[in-house]
Amino acid sequence: MLKQFIVSCTVFTLLFFSYSFAEETFEDDDYSNYPFHEEIAEPISDPLEPLNRLIYGFNRAFESIITIPVTTVYKAIIPKPVRTGVGNFMQNFKEPVHFINGILTLQPKRSVDALSRFVVNSSVGVLGFIDVAGASKSVPETYDLTFTNTFKKYGAKRGAYLVLPILGSSDIRNVFGQTADYFSNPLTYAFHKDFMYVKGGVSYIHYKNEYMGVENHIRKDALDEYLSYRSYYEQYHNEDEKN
Amino acid sequence: MNNITMKMKKIKILLFIGLIISFTPIMLISNSNETLSDAVSFIENNTKKVLDLKNSNKLEADKNRILRSIFDEIIDAKWLAGFSLGKHWHQITPEQKIAYRGVYSDYIFSSYLRKFNDFTATSYNVLNAKASTSNYFVVNMVTTNPDGKEIDITFRLKKIDNQFKIRDIVVEGISNAQAQRSEFSSIVSDNGFEHLIQILKSKV
């Protein structure tokens with residue numbers, strides 16, 4: 001009786017372990033147990049797809065004729081340290097907006113970080129061309145403190161997917177957010193409007209230069225470029241949605 | 001005497017059961033750690049294999065052939081084909097599934113071949129691995145480009161028959177499989193399954 005009990009325990013234990021450590025040996029054709037399925041916090045809606053596709057087509061033509069040649073010259077003529085400086089200047093220009101949104105989202109410490117970065121980079125960093133605060137890692141980055149994220153924090157949904165002429169992928173919340181960023185920035189009113197137009201153009205070319213490689217990859221692999229772009233936009237902003 | 005003997009036997013049984021119970025978590029933990037380190041090694045070894053191939057002096061045709069064999073070994077193209085089709089996978093016939101898988105495998109290899117040719121990272125560092133449900137594992141890596149820019153890459157692996165297979169590669173938060181799923185589903189919904197097959201063939 002006792003021997004039978006011990007043998008039963010041993011067999012049970014062995015069966016338990018073999019079951020626990022067993023791996024599937026059959027072809028797993030069941031996609032329902034894929035653990036990374038429900039990742040998109042707020043799937044994008046695209047009720048204006050026909051119009052968006054038209055604008056996307058225009059944007060591609062604009063890129064081929066204007067953007068790519070200008071970006072190519074920009075990259076060829078402007079040395080990398082200068083291009084980095086341009087990017088730093090553009091980022092520093094937004095810090096007043098980050099300061100405002102830090103207050104609006106009740107993050108006073110981050111608001112102070114934005115102000116610190118602006119003061120340090122504008123002075124020691126020569127109007128922001130040198131990211132002194134970033135290089136010294138003395139002040140955390142604040143690039144996510146935008147009106148788009150403030151609207152999101154207070155419950156505004158993303159809204160319909162939009163393709164803006166020349167500017168590309170966006171959504172309704174982002175359009176309102178970036179508009180608010182522009183008009184709330186004190187620096188917008190500190191400079192002549194011609195300077196702002198030039199700054200806008202340089203910013204666009206700089207951004208396109210940074211992401212041209214990624215965009216080429218998307219296009220090469222895409223079966224439908226428009227759908228690929230939309231999917232990448234949805235995923236890229238999904239981390240914001242999940243937070 | 002009989003009472004003492006019975007008591008001794010009970011104590012022995014309890015000790016025996018106690019040993020099994022205390023040994024179980026040790027075995028579970030050691031097996032789990034071993035699998036995570038296997039997942040890390042899998043990614044490290046195959047990344048090195050691919051980089052060594054890229055930097056070798058072999059002819060392009062030879063590189064492509066070797067890359068294809070590595071690809072077939074480590075990428076679960078069969079599973080990805082079905083995943084990419086989403087809800088439409090269960091709506092097509094078994095013959096269509098076989099044909100689609102063949103075309104899809106060639107298409108995704110072409111896609112990875114392009115990435116292989118454009119890959120310029122000078123170094124990589126496999127950071128960590130963690131286990132997910134249903135025998136899935138996530139391995140995180142960071143690569144560094146010549147300009148110093150770092151790129152985060154996450155590999156999603158499945159262990160089948162004691163072998164790892166990559167089921168998704170997530171670059172800077174963008175899932176390749178998810179992007180394809182979104183794209184393929186839309187194409188099939190709007191233009192039909194055969195249209196998707198034609199486009200895939202044109203991309204190979």
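Q: What volume does the second largest cavity have?
A: The second largest cavity has about 40 Å³. Keep in mind that this is a predicted model.

Q: Which residues line the second largest cavity?
A: Its lining is made up of Leu80(B), Ile108(B), Tyr112(B), Arg167(B), Asp168(B), Ile169(B), Asn176(B), Ala177(B) and Gln180(B). Two or more residues each come from helix 4, strand 4 (163–171) and helix 5 of chain B.

Q: How do those residues divide by class?
A: There are 5 nonpolar, 2 polar and 2 charged residues in that lining.

Q: OK, how many cavities of 30 Å³ or more are there?
A: The count is 2.

Q: And how much space lies in the largest cavity?
A: About 90 Å³.

Q: Which elements give two or more residues to the lining of the largest cavity?
A: In chain A, helix 10 (193–221) and helix 11 (225–236) do, and in chain B, helix 4 (94–118) and helix 5 (176–191).

Q: Which of them gives the most?
A: Helix 5 of chain B, with 4 residues.

Q: What residues are in that lining?
A: Among them are Ile218(A), Asp221(A) and Tyr232(A) from chain A, and Tyr107(B), Lys115(B) and Glu183(B) from chain B. By class, the lining has 5 nonpolar, 4 polar and 3 charged residues.

Q: Switching topic, what pLDDT does chain B average?
A: Chain B averages 86, and 93% of its residues score at least 70.

Notes
Residues numbered from 1 in each chain as written. Chains lettered and ligands numbered in written order. Predicted model: local features only at pLDDT ≥ 70, side-chain atom pairs only at ≥ 80, totals over all residues. Heavy atoms only, no water. pLDDT = per-residue confidence, 0-100. 1 Å grid on protein atoms, 1.4 Å probe; cavity = no way out; pocket = protein on both sides within 12 Å on 5 of 7 lines; lining within 4 Å. Points joined across faces, edges and corners; volume = space filled by probe spheres on them. Nonpolar A, V, L, I, M, F, W, Y, C, P; charged D, E, K, R; others polar.
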